[in-house]
Every structure is written in C-alpha cells, then in structure tokens.
Amino acid sequence: MRIFVVLFLAFFSTAALADSTGEQMRGDRAPDATMVISGLHTFSRFQQALLESTDLKGNAEVKNLAALRAEEAAKRDRTLKEIQNTIGAEPRVSKTASAGVSLAKPDDTDGPAYVRNFYAAQIPEYETAITLLERYLRTPDNPALATFAREHLPVLRAQLKDAERTMADK
C-alpha cells in the first residue's frame with residue numbers, strides 16, 4: 001500500500017507541474033520567469049502539504065524536517081513574490097498540486113517505512129524543481145530571478161541528496 005502512495009504522489013505531483021507549465025516543459029524552449037515562479041510555487045505548496053500530512057503523534061524526524069522545509073518554502077515564496085511583483089508576472093499554480101499528500105495511515109506514522117515514504121515522495125519534486133531552474137538558467141529572462149535561481153539551485157541539490165541518502169539509510 002505504501003508503495004502505491006509513493007507512486008501516486010510521484011505521478012500526481014509531476015503531472016500537476018507539467019500541467020501548470022504546459023508544453024514548454026516537454027519542448028526545447030527554456031521556461032520563462034512566469035513558468036519558473038509557477039513551478040517553484042507548486043514545489044513550495046508540496047512542501048507545505050508534507051507538513052500538513054505529518055501526524056501529531058508521528059515520527060519526530062519527519063515532523064521536524066517537514067516543518068523546516070515548509071518554513072523554507074514560505075521564505076522562498078516571499079522572495080519570489082517580490083520578483084513576481086517587480087516583473088508583473090502572474091504565476092499559474094495548479095490548485096491540485098498539494099492535494100492527496102498522505103504518507104501513511106495514522107497508526108503507522110512512526111516506522112521506517114513511513115520515513116522512507118516521506119523522503120521518497122520528495123525526490124521527484126526536488127528533481128522537477130532543479131530541472132526547471134537549470135533549464136531557466138540556460139537563457140534567463142530576468143536578472144533578479146536568475147540570481148535567485150543561482151542561489152537556490154545548490155541548496156535544492158543538497159536537500160535532494162540528503163533525502164536520497166536518508167531514504168537509502170532507512
């Protein structure tokens with residue numbers, strides 16, 4: 001059952017981002033500032049939904065990391081909002097991007113499988129956000145967003161590696 005949840009989350013979250021960015025994610029054209037802001041807002045909503053999906057009686061490691069990632073997402077969104085207001089962009093964020101994030105049943109929120117599922121659910125989200133920023137940095141159309149992307153790309157890569165390493169250890 002847990003594997004189905006992880007697969008569902010991976011498919012659903014990737015599909016939600018692809019829907020919000022249209023054909024540009026599949027085509028050769030680099031994403032523009034609006035698409036990058038939209039994609040990062042979607043990633044932030046996913047991280048906030050992870051926090052909401054952790055149970056109060058659940059694993060302390062998972063709760064603490066989810067809270068930290070949600071806080072980082074809120075900070076990232078504030079910075080993106082400033083850039084968005086400067087360029088007059090209106091991001092397209094799917095309302096379903098964070099729906100359905102559920103990692104385990106309430107009575108199974110403290111085991112190693114739950115922790116693995118928690119990290120496994122994040123990996124495709126990080127990969128999508130990293131790919132989006134890398135593609136944007138090939139031909140950026142906004143200097144402020146390009147600076148933001150250059151600063152956040154190493155952070156996201158490090159967090160992805162941490163998630164992969166932790167998932168493998170559990």
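Why does Pro124 count as buried? Its relative accessibility is 15%, so Pro124 falls in the buried class. Buried here means under 20% relative accessible area, with exposed over 50% and partly exposed in between, using a 1.4 Å probe and protein chains only.

Some ground rules. This is a predicted model, where local features need pLDDT of at least 70, side-chain atom pairs count only at pLDDT 80 or more, and totals for chains, interfaces and linings use all residues. Residues are numbered from 1 along each chain as its sequence is written, and side-chain values use heavy atoms, leaving out hydrogens and water.

Now the overall picture. The protein has five helices and zero strands. From the N terminus, the order is α-α-α-α-α. Helices are DSSP runs of H or I with at least four residues, strands are runs of E with at least two, and numbering starts at the N terminus. Of the 170 residues, 46% are buried. Take the contacts with a separation of 6 or more: 81% of them join residues 24 or more positions apart. Contact means heavy atoms within 4.5 Å.

Back to Pro124. Pro124 sits in helix H4. Leu160 is 36 residues away in sequence, yet the two C-alpha atoms are 9.2 Å apart. Leu160 belongs to the buried set of H5, which also includes Leu145, Phe148, Leu153 and Leu156. The buried residues of H5 pack against H2, H3 (60–87) and H4 (112–138).

Next, H2 against H5. H2 covers residues 33–53 and H5 covers 143–169. They pack at about 35 degrees, axes 12 Å apart. Axes are lines fitted to C-alpha atoms, for helices over the stretch in contact, and angles run from 0 to 180 degrees between N-to-C directions. Which residues make the contact? H2 gives Ala33, Val36, Ile37, Leu40 and Phe43; H5 gives Leu145, Phe148 and Leu156.

H5 also bends. The bend is about 30 degrees at His152, and Pro154 follows within four residues. A bend is the angle between axes fitted to the seven residues ending at a position and the seven starting there. What about length? At 1.5 Å a residue, the 27 residues of H5 should span 39 Å, and the end C-alpha atoms are 39 Å apart, so the two agree. The expected span is 1.5 Å times one less than the number of residues.

Last, H3. Its buried residues include Arg69, Arg76 and Asp77, along with Leu65 and Leu80. Their cover includes H2, H4 and H5.
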